[in-house]
Amino acid sequence: MFFFGSHSWRGASGRRYRFKCVLTKQGLPPQGVGGIYVFVRRRFGFLMEPLYVGKAHELRSRLMGHEKWPRAFWYYGATERYVLGPIRDEVDRRRIEEDLIRGLKPRMNDMEIPQAKGAARAKRNAAASRAFDLSAILGKRPQQA
């Protein structure tokens with residue numbers, strides 16, 4: 001399946017996570033499998049916009065009756081659900097979910113996730129090192145915040 005196969009998203013840490021597309025009930029993981037899920041809106045065929053990132057102790061039951069899916073589908077135009085699993089440990093699920101929410105900034109995740117003081121500086125430094133810096137070309141030094 002080329003069009004609805006797997007897709008990877010990058011978290012704020014720079015780590016990539018590979019998700020599998022789930023279109024039907026038969027494609028959902030079996031009972032007792034925990035993991036991460038993403039509601040996605042597909043635009044122009046190949047461009048995908050993540051709308052919501054969540055974690056679940058049991059993906060199958062969570063995705064079958066999720067309270068945000070109707071809003072994602074009707075209001076935001078969600079077309080697909082992607083799952084990453086099995087992830088057995090709750091701490092790992094929480095860490096991956098927070099990393100993806102910080103990196104993707106999905107519009108339906110309306111909760112702010114607290115961040116340690118040093119992590120904010122590391123994120124800013126990582127983003128600055130990845131971004132194209134015009135100050136190096138112009139000979140100006142970037143200002144420190």
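The model is predicted, and the protein chain has an average pLDDT of 77, with 73% of the residues scoring at least 70. Confidence is highest in helix H3 (residues 90-104), at a mean of 89, and lowest in helix H5 (residues 134-138), at 49.

**Nonpolar cores**

- The largest nonpolar core comprises 16 residues, and Trp9, Phe19, Ile36, Tyr82 and Leu100 have the most contacts inside it.
- Two or more residues of this core come from each of strand S2 (16-22), strand S3 (35-43), strand S4 (47-56), S5 and H3.
- H3 provides the largest share of this core, namely four residues.
- Beyond its neighbours within four places in sequence, Tyr82 is in contact with residues including Trp9, Phe19, Ile36, Val40 and Met48.
- A second, separate core has 14 residues, among them Leu28, Leu51, Ala56 and Val83.

**Asp99**

- Asp99 is located in helix H3.
- Although Asp99 is buried, it forms no salt bridge.
- The nearest side chain of opposite charge is that of Arg95, 5.8 Å away from Asp99, which is beyond the reach of a salt bridge because that requires a distance within 4 Å.
- Residues up to four places away in sequence aside, Asp99 touches Gly11, Ala12, Ser13, Arg15 and Tyr17.

**Tyr76**

- Tyr76 is situated in the loop between helix H2 (69-74) and strand S5 (80-84).
- Tyr76 counts as buried because its relative accessible area is 12%, and the cut-off is under 20%.
- Between Tyr76 and Val40 the C-alpha to C-alpha separation is 9.4 Å, while in sequence they are 36 residues apart.
- With residues up to four places away in sequence not counted, Tyr76 touches Arg41, Leu51, Arg71, Arg107 and Met108.

Terms used
Residues numbered from 1 in each chain as written. Predicted model: local features only at pLDDT ≥ 70, side-chain atom pairs only at ≥ 80, totals over all residues. Heavy atoms only, no water. pLDDT = per-residue confidence, 0-100. Buried < 20%, exposed > 50% of the residue type's maximum accessible area, 1.4 Å probe, protein only. Lys, Arg positive; Asp, Glu negative; His and termini not counted. Contact = heavy atoms within 4.5 Å. Core = buried A, V, L, I, M, F, W, Y, C linked by side-chain atoms within 4.5 Å.
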